[in-house]
Amino acid sequence: MSLPADSWHHLKVVVSGTHIKIYVNHGVSPVIDYTDTSMNPFTHGKVGLRVMNSNARFDNVKVNP
């Protein structure tokens, strides 16, 4: 997904079991709605942020159990 540069964007990730939903800029519908149905689904782990071929800054990152 491409987002305009030089402005802040709100990203929200909601995980429940193996179901992952990602919302951008307070959207009502997720831009990604994914269920991990693999033999070894991701049900625990760590949080990371990544960008490709660009610069980014992150602010006010929160993780709620």
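How much space lies in the largest pocket? About 2,400 Å³ does, and the views below lead up to that pocket and past it. This is a predicted model, in which local features need pLDDT of at least 70, side-chain atom pairs count only at pLDDT 80 or more, and totals for chains, interfaces and linings use all residues. Residues are numbered from 1 along each chain as its sequence is written, and side-chain values use heavy atoms, with hydrogens and water left out.

**View 1. The protein chain has zero helices and three strands.** From the N terminus on, the order of elements is β-β-β. Helices (H or I, at least four residues) and strands (E, at least two) are DSSP runs, numbered from the N terminus. The C-alpha atoms fill a box of roughly 40 × 25 × 25 Å along the principal axes. Of the 65 residues, 6% count as buried; here buried means under 20% relative accessible area, exposed over 50%, and partly exposed in between (1.4 Å probe, protein chains only).

**View 2. Strands S1 and S2 form a hairpin with two residues between them.** S2 (residues 19-24) runs antiparallel to S1, and six bridges join the two; strands count as paired if DSSP finds at least two bridges between them. Across this pairing, Leu11 stands opposite Val24, and Val14 stands opposite Lys21. In the turn, Gly17 has a positive phi of about 65 degrees.

**View 3. S2 also pairs with S3 in the antiparallel sense.** Four bridges hold this pairing. Lys21 of S2 stands opposite Asp33 in S3, while Val14 is also found opposite Lys21.

**View 4. The largest pocket is lined by 46 residues.** Its volume of about 2,400 Å³ is the space filled by probe spheres set on grid points, which are joined across faces, edges and corners. A pocket is an open set of points on a 1 Å grid over the protein atoms alone, where a 1.4 Å probe fits and protein lies on both sides within 12 Å along at least five of seven lines; lining residues have an atom within 4 Å of a point. Closest to the pocket centre are Leu11, Val13, Gly48, Leu49 and Phe58. S1, S2 and S3 are the elements that give two or more residues to the lining, and S1 gives the most, with five.

**View 5. A nonpolar patch lies on the surface.** Its members are Leu11, Val13, Val15, Val47, Leu49, Val51, Phe58, Val61 and Val63, with about 840 Å² of accessible area together. Such areas come from the Shrake-Rupley method with a 1.4 Å probe, and for residues only the protein chains shown count as cover. Patch residues have over 30% relative accessible area and no salt bridge; nonpolar side chains (Val, Leu, Ile, Met, Phe, Trp, Tyr) are joined within 5 Å, and like charges within 9 Å. A salt bridge is a side-chain nitrogen of Lys or Arg within 4 Å of a carboxyl oxygen of Asp or Glu. Val47 sits in the segment after strand S3 (32-35) and is exposed, at 61% relative accessible area.

**View 6. Asn25 and Asn60 each have a positive phi.** Most residues other than glycine have a negative phi. Asn25, in the loop between S2 and S3, has a phi of about 55 degrees and is partly exposed, with a relative accessible area of 38%. Asn60, in the segment after S3, has a phi near 55 degrees and counts as exposed at 65% relative accessibility.
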